[in-house]
Amino acid sequence: MKLGQIGVRRAGASDAGPIAAVHETAWRLAYGGVIPGRELERMIARRGPLWWKRALDRHTAVLILEVGGTVAGYATVGPNRMRMLPYAGEIYELYIAPAHQGLGFGRMLFAAARAELRRYGLASFSVRVLEDNEPAIAFFRHLGAIVAAETGERFGEITLPVRVFGWEAE
């Protein structure tokens, strides 16, 4: 998908640094004050450029959103990790750099991630969202998500509630 200076494409090894930068800024905005500070810093530090390069070298399905030649967002997709749910695929991550949020780029990246899952034969899919991430919950609800499950995710000494949203095959 390419619209002038805005497009979504499959990430390559040279995108590892820019993806790590988006990851850091988006996670600080989304999870600051939600995930305990030390755990958040550890998670961000672990997912630097080398981590992303290795993921891309292993052919992890990573899509990037480019705006004016700059990586402004990314999404990772693949098979559903929660096998008890009736969804074939999963959007593992979908993040937009804070400076590019609220401009419709999230919807564009979501549509590209959905198309990528379909390309792999994974037409139904889910996404996991921390319950305290209200902007993400509103975003996915606006895109037609249904609550498929509620679970939790451990961060250091605490477990935070997670909502799992699902979409049936179109």
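The model is predicted: local features need pLDDT of at least 70, side-chain atom pairs count only at pLDDT 80 or more, and totals for chains, interfaces and linings use all residues. Residues are numbered from 1 along each chain as its sequence is written, and side-chain values use heavy atoms, with hydrogens and water left out. Helices (H or I, at least four residues) and strands (E, at least two) are DSSP runs, numbered from the N terminus.

**Helix α2**
- Helix α2 spans residues 37-46, and E39, L40, M43 and I44 are buried in it (under 20% relative accessible area, with exposed over 50% and partly exposed in between; 1.4 Å probe, protein chains only).
- Seen down the axis of α2, these buried residues fall within an arc of 130 degrees, so they line one face of the helix; the arc is that of the directions from the helix axis to the C-beta atoms.
- R38 and A45 are exposed, on the face turned away from the buried side.
- The buried residues of α2 pack against α1 (16-31) and β7 (146-155), where contact means heavy atoms within 4.5 Å.

**Residue H23**
- H23 lies in helix α1.
- H23 counts as buried because its relative accessibility is 0%.
- Not counting residues up to four places away in sequence, H23 touches M43, I44, R47, W52, Y74 and E93.

**Helices α1 and α3**
- In α1, A16, G17, I19, A20 and H23 meet P49, W52, K53 and L56 of α3.
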